[in-house]
Structures are given as C-alpha cells and as structure tokens.
Amino acid sequence: MAVNTRILLAARPEGAPKPSDFRIEDIPVPEPRDGDVLLKILYLSLDPYMRGRMSTAKSYAAPAAIGDVMPGGTVARVETSRHPDFVEGDIVLSYSGWQSYALSKGAGLRKLDPAVAPVTTALGVLGMPGFTAWSGLLLIGEPKPGETVVVAAASGAVGSAVGQIARIKGARAVGIAGGPEKCAYVRDALGFDAAIDHHAVDFPAQLAAACPNGIDVYFENVGGAVWEAVFPLLNKHARVPVCGLIAGYNATSPTGSGPDRLPVLMREILSRSLLIRGFIQTEFAAAHEAQFLREAGAWVGSGQLRYKEDIVEGLANAPEAFIGLLEGRNFGKLIIRVAD
C-alpha cells in the first residue's frame with residue numbers, strides 16, 4: 001500500500017534551523033472524494049521564505065503550526081481525479097508542501113505542458129522566483145538603458161533572473177555572489193557585466209570599482225554587510241525593490257549593537273530622493289502574471305534568460321537541503337525530486 005510521507009514542523013528554530021526542528025511521518029494516502037484531485041508530488045521547491053513560516057514573528061503570512069506539513073510550492077501529477085477540470089496524468093503546479101501526496105479541490109492548480117518547458121521551471125525561472133525578479137525589477141526598479149542594476153545572491157533563482165532581465169532591458173548588470181565559482185557563473189554563463197565576491201576582504205572597494213557611475217537600481221534580497229556596501233553607492237533617485245533579507249533570517253536578536261543609524265538612513269533617503277519599496281510578488285500576480293509568463297517564456301525559449309537548477313534526490317533530504325539553502329550552499333534554484 002502506498003504511503004504519504006510528510007515532513008512536519010516539529011519545533012520553532014532558535015537561530016538556524018536544525019534537523020530536530022522537522023519530523024518525518026508516514027500516513028495512508030488520502031482518498032479523494034467528489035470534486036477532489038489526488039496529487040502525487042514530483043518536485044518540491046525550497047525557498048528562503050519558508051524560514052519565516054517556521055517562526056511566530058509578525059509577517060505577511062501566517063506561520064505554520066507545530067505539527068503542520070511544511071509549506072511549499074510543488075509540481076505534481078494527477079493520480080486520481082474526481083474533478084471535471086482535471087484528468088489522470090495532468091501535470092500541475094500546486095502548493096502542496098513537503099509531502100509525497102496531497103488532495104486538492106482544484107483551486108489554485110495550474111496545468112503545465114512539459115512540451116513547452118521542463119516542468120521544474122514552474123518552480124524557478126517561470127514560477128514564483130522568476131516572477132519575483134520580473135515584477136520587482138520592472139514594476140518597482142524600472143531600469144533604463146545604460147543604468148547600473150546591482151543584485152545580490154546573483155547566482156540564485158531570483159538574482160540570476162534579475163540581472164539577465166536588466167541586461168535584456170539595456171541596463172548594466174552587476175551581480176554579487178559568494179565564492180569564485182558562483183561569480184564566474186554569473187559573469188560568464190549568465191552574461192552579467194561584472195560579478196563581485198562578497199567574501200572578498202575588499203568587497204566594498206571591488207563593488208565601487210564595478211559601479212563607477214554609482215548604482216541606479218539595487219534589488220535587495222540579502223541585507224546585512226552587502227547592503228552596507230551598496231548603500232553609499234546609490235545614486236540620486238535610485239530605486240531599491242526589497243523582496244528579502246536572508247542575511248538576518250536566522251538572527252536571534254536585532255542585529256547591530258552600535259548607535260541608532262536610522263536617522264542617518266532616513267536623511268540619506270530624503271537627500272538622495274531614494275525609493276525603497278518592499279513587496280511580495282503576489283500583490284502583482286492578478287494584473288501581471290500572464291504578461292510575465294509570455295515574456296519570460298519567450299526569453300527562456302530564445303536563450304536570453306538562462307537558469308540553473310540544484311536538484312536534490314529524495315523528500316527525506318529536504319530538511320538538510322533547506323538548512324544548506326540558508327547558508328548559501330546551494331548553487332541555482334533548489335528543488336527536491338520527490339518522485340519520478
């Protein structure tokens with residue numbers, strides 16, 4: 001008899017998540033009723049936002065409860081359908097979480113065509129990370145030809161798309177990544193104009209040299225020391241879309257122990273007319289997701305928008321892979337292959 005393997009939130013992490021914060025259990029595969037679709041999960045997306053779901057800190061979404069299945073986007077195959085809009089064998093994008101089977105009423109499922117693009121791209125370059133890059137950069141950053149766009153975590157799913165889309169729009173793209181291998185990939189494979197290693201002892205100086213005319217758009221998804229190096233280089237009227245602050249996700253207390261720097265930050269925002277705009281990609285989905293899929297799909301098809309996937313085998317390895325994601329161990333969009 002088939003079983004549904006699930007990974008549950010066992011404890012709320014103090015600092016970095018540990019394997020003991022997760023619990024694996026096997027239960028019977030659920031039985032679909034009228035109107036249900038039984039999904040077999042093929043791929044699970046691992047993303048930094050999941051760290052926030054493990055915490056009770058105030059956020060834009062409710063936290064997972066202790067004992068809940070860890071949340072996450074998935075690509076799944078319809079095993080049994082009692083829903084008029086789906087048939088057995090359909091491949092769909094869903095939000096089924098860290099488990100091997102799930103029931104759905106059909107709401108929110110999007111059918112995928114494997115002939116158009118590999119289905120894993122629905123979790124990456126043609127999915128939430130890609131749309132985060134597209135919407136934050138184009139709707140908030142609004143890069144103009146010749147301007148300089150800087151993005152951290154530039155080898156990751158969001159950052160890699162940001163820099164390439166900036167190039168497509170005629171801007172210079174400067175990527176920040178961790179280590180020579182990732183920097184070489186960003187520069188040589190993705191075509192960024194420059195790639196800077198944030199581990200370098202002279203990182204701020206290297207970044208300044210790569211941005212001789214300052215920074216017009218900084219796509220923020222890291223924070224921490226990277227932000228400290230970027231901020232002095234922001235030009236007047238620079239735009240800063242803020243989609244994440246991964247450097248602080250495992251912090252156990254407010255970072256920084258020196259004097260209050262908020263007055264200096266606010267004065268610079270005022271004097272340089274900076275736009276700093278936080279966003280969650282879902283706020284743009286209804287109006288712009290279809291346009292994104294058309295444009296990004298065409299760019300992927302033409303080779304203008306390239307992507308890299310880091311696929312880990314087996315649902316049981318999801319906790320360790322997720323812990324590594326928060327430490328920057330992955331190289332490309334992190335995906336768990338749950339089943340064939």
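Let's start with A210, which is found in helix 5, residues 203-210. Keep in mind as we go that this is a predicted model. Is A210 buried or exposed? Its relative accessibility is 10%, and because buried means under 20%, A210 counts as buried. And which residues does A210 touch, if we leave out those up to four places away in sequence? The answer is R172, V174, A194 and I196. For a sense of distance, take T56: it sits 154 residues from A210 along the chain, and the two C-alpha atoms are separated by 40 Å.

Now let me step back to the whole protein. The secondary structure comes to nine helices and 15 strands. What about the overall dimensions? The C-alpha trace spans about 65 × 45 × 35 Å along its principal axes. The radius of gyration is 21 Å, and that agrees with a compact globule, because 340 residues packed that way would give a value near 20 Å. Of those 340 residues, 50% count as buried. The protein exposes about 15,600 Å², with carbon and sulfur atoms supplying 55% of that area.

How do the contacts reach along the sequence? Taking contacts between residues at least 6 apart, 67% of them join residues at least 24 apart. On charges, we have 32 positive and 35 negative, and the mean positions of the two sets are 4 Å apart.

Next, please turn to helix 2, which covers residues 128-141. Is helix 2 largely enclosed, or is it open? It is largely enclosed by the rest of the structure, because 12 of its 14 residues are buried. Among them are F131, W134, L137, L138 and I140, and the buried glycines G130, G136 and G141 are in the list too.

Just after helix 2 comes E142, with a positive phi of about 45 degrees. As a reminder, most residues other than glycine have a negative phi. E142 is in the loop that leads from helix 2 to strand 8, residues 148-151. At 46% relative accessibility, E142 counts as partly exposed.

There is another positive phi to show you, at H237, where the value is near 70 degrees. Where does H237 lie? It lies in strand 12, residues 234-242. H237 is partly exposed as well, given its relative accessible area of 48%.

Last stop, strand 15, residues 333-337. Four of its five residues are buried, so strand 15 is largely enclosed by the rest of the structure. Which way do its partners run? Strand 3, residues 37-45, is antiparallel to strand 15, and three bridges join the two. If you want a landmark on that side, Y43 stands opposite R337 in strand 15.

E142 and H237 are the places to look at for positive phi in a residue other than glycine.

Note on methods:
Residues are numbered from 1 along each chain as its sequence is written. This is a predicted model: local features need pLDDT of at least 70, side-chain atom pairs count only at pLDDT 80 or more; totals for chains, interfaces and linings use all residues. Side-chain values use heavy atoms; hydrogens and water are left out. The radius of gyration is taken over C-alpha atoms; the globule rule is 2.2 Å times the number of residues to the power 0.38. Buried means under 20% relative accessible area, exposed over 50%, partly exposed in between (1.4 Å probe, protein chains only). Contact means heavy atoms within 4.5 Å. Accessible areas come from the Shrake-Rupley method with a 1.4 Å probe; for residues, only the protein chains shown count as cover. Lys and Arg count as positive and Asp and Glu as negative; His and the chain ends are not counted. The place of a charge is taken as NZ of Lys, CZ of Arg, CG of Asp or CD of Glu. Two strands pair if DSSP finds at least two bridges between them.
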